Amino acid sequence: LKVGKVELDKMRAERRARMLSSNGTFYQGYHFVPVGDGTTFGLGDNQIGAEWLGHSVNSYTRFSLAVLGSTDGTPGLPAGKSYDGAFTLSQAFDAGRLGVERVGVYGYMGRTPTVFQTSGGAPIPGTGTGNKTFYRVGAVGDLFLGKLEFLPLFMHGSDDKDLAGGTQNPTWNNGLLELHYYVNPQLVFTERNEIIRMSRQADPATPKTLGNIDAFTFGYRWYPIMFSRAGLAMVGELSFTKTIGGVPLSGDGVGLPPLSASTPVRSTSVLLALDFDF
């Protein structure tokens with residue numbers, strides 16, 4: 001049982017990702033909301049609440065259930081007084097010479113207020129009402145084929161139309177495939193492909209491609225020093241993103257000109273670093 005501000009139990013834990021560059025350090029889908037959507041939530045963010053976790057004797061079966069405040073990890077009551085819920089469930093199986101394979105499902109159901117009491121025109125924290133719902137659900141895997149590890153992830157997301165300022169609930173799909181090739185225990189090559197596609201905009205007149213994202217990361221990690229108490233990795237990464245009509249999730253948008261609904265915005269990050277852990 002975990003109580004407080006915690007990272008939710010997930011098979012694909014963003015904060016334990018191998019990639020560290022500006023674009024590659026996080027999963028785009030974990031933080032995505034449609035362009036113009038007022039939902040402030042990131043599945044990769046630490047949340048405040050209580051989470052109950054369990055596993056079978058050999059840990060092949062794992063699960064978690066969480067009750068969380070609707071604050072996206074912000075202390076206090078910045079919005080309203082509602083609660084969110086999350087779950088994960090995964091099952092591993094022995095595939096013989098291929099090793100242990102694992103597949104799982106997950107979901108997050110949240111609420112966001114749309115009406116606030118005000119003072120001098122400014123919203124009063126904790127007075128949010130008119131809660132509207134959003135959810136994220138998906139499936140994930142951790143599969144081995146010899147020295148090659150496949151890490152697929154799928155997510156389907158939806159926000160209430162009142163959160164997005166439209167006439168219908170926006171929906172989208174996120175697909176991710178991360179690959180690790182272990183040359184030996186001290187050298188691994190990494191590659192990640194991630195796409196996000198809007199399937200329905202809040203405003204039917206909005207171009208369907210607005211907000212779509214393509215992201216690709218290539219890299220390696222070489223561990224010249226590995227001890228039981230400490231390790232040093234030499235890291236190299238090259239990462240690209242393309243966002244249609246929106247600021248890339250890894251940027252703050254400062255200084256960018258106004259964007260049309262079809263403008264592709266590209267971002268590239270390069271990283272050469274030493275990663276020391278103990």
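Strand β12 gives the most to the lining of the second largest cavity, with three residues. The model described here is predicted.

**Cavities**

Rolling a probe the size of a water molecule over the atoms shows where empty space is left. A search of the whole structure finds two cavities of 30 Å³ or more.

| Space | Volume | Lining by class |
|---|---|---|
| Largest pocket | about 440 Å³ | 13 nonpolar, four polar, ten charged |
| Largest cavity | about 70 Å³ | five nonpolar, three polar, three charged |
| Second largest cavity | about 50 Å³ | three nonpolar, five polar, two charged |

The second largest cavity is lined by Asn23, Gly24, Phe26, Gln28, Arg192, Glu194, Ala215, Phe216, Thr217 and Ser239.

Around the largest cavity stand Leu8, Asp9, Lys10, Leu43, Glu51, Ser64, Ala86, Phe87, Thr88, Tyr106 and Gly107. The elements that supply two or more residues there are β4 and β5. Of the elements, β4 gives the most, with three residues.

**The largest pocket**

The largest pocket has a volume of about 440 Å³. It is lined by 27 residues, and the closest to its centre are Lys10, Met11, Arg12, Ala13 and Asp142. At least two lining residues come from each of β3 (61-69), β4 (83-94), β5 (100-112), β8 (132-145), β9 (148-159) and β10 (171-184). The most come from β5, which gives four residues.

**The sheet**

Strands of a sheet pair through backbone hydrogen bonds, either parallel or antiparallel. In this model, twelve strands form an open sheet with antiparallel pairing, in the order β1-β2-β3-β4-β5-β8-β9-β10-β11-β12-β13-β14. Its edge strands, β1 (2-6) and β14 (264-277), each pair on one side only. On average, neighbouring strands of the sheet are turned by 15° against each other, direction ignored.

Isoleucine 213 stands opposite threonine 243 in β13.

**Leucine 53**

Leucine 53 belongs to strand β2 (residues 47-55). Its relative accessible area is 26%, so leucine 53 is partly exposed. Apart from neighbours within four places in sequence, leucine 53 is in contact with Lys2, Asp9, Phe63 and Ser64. Of these contacts, Asp9 and Ser64 are also among the residues that line the largest cavity. From leucine 53 to alanine 139 the distance is 18 Å, C-alpha to C-alpha, and the two are 86 residues apart in sequence.

How values were computed:
Residues numbered from 1 in each chain as written. Predicted model: local features only at pLDDT ≥ 70, side-chain atom pairs only at ≥ 80, totals over all residues. Heavy atoms only, no water. 1 Å grid on protein atoms, 1.4 Å probe; cavity = no way out; pocket = protein on both sides within 12 Å on 5 of 7 lines; lining within 4 Å. Points joined across faces, edges and corners; volume = space filled by probe spheres on them. Nonpolar A, V, L, I, M, F, W, Y, C, P; charged D, E, K, R; others polar. Buried < 20%, exposed > 50% of the residue type's maximum accessible area, 1.4 Å probe, protein only. Contact = heavy atoms within 4.5 Å. Pairing = 2+ DSSP bridges. Axes fitted to C-alpha atoms, helices over the stretch in contact; angles between N-to-C directions.
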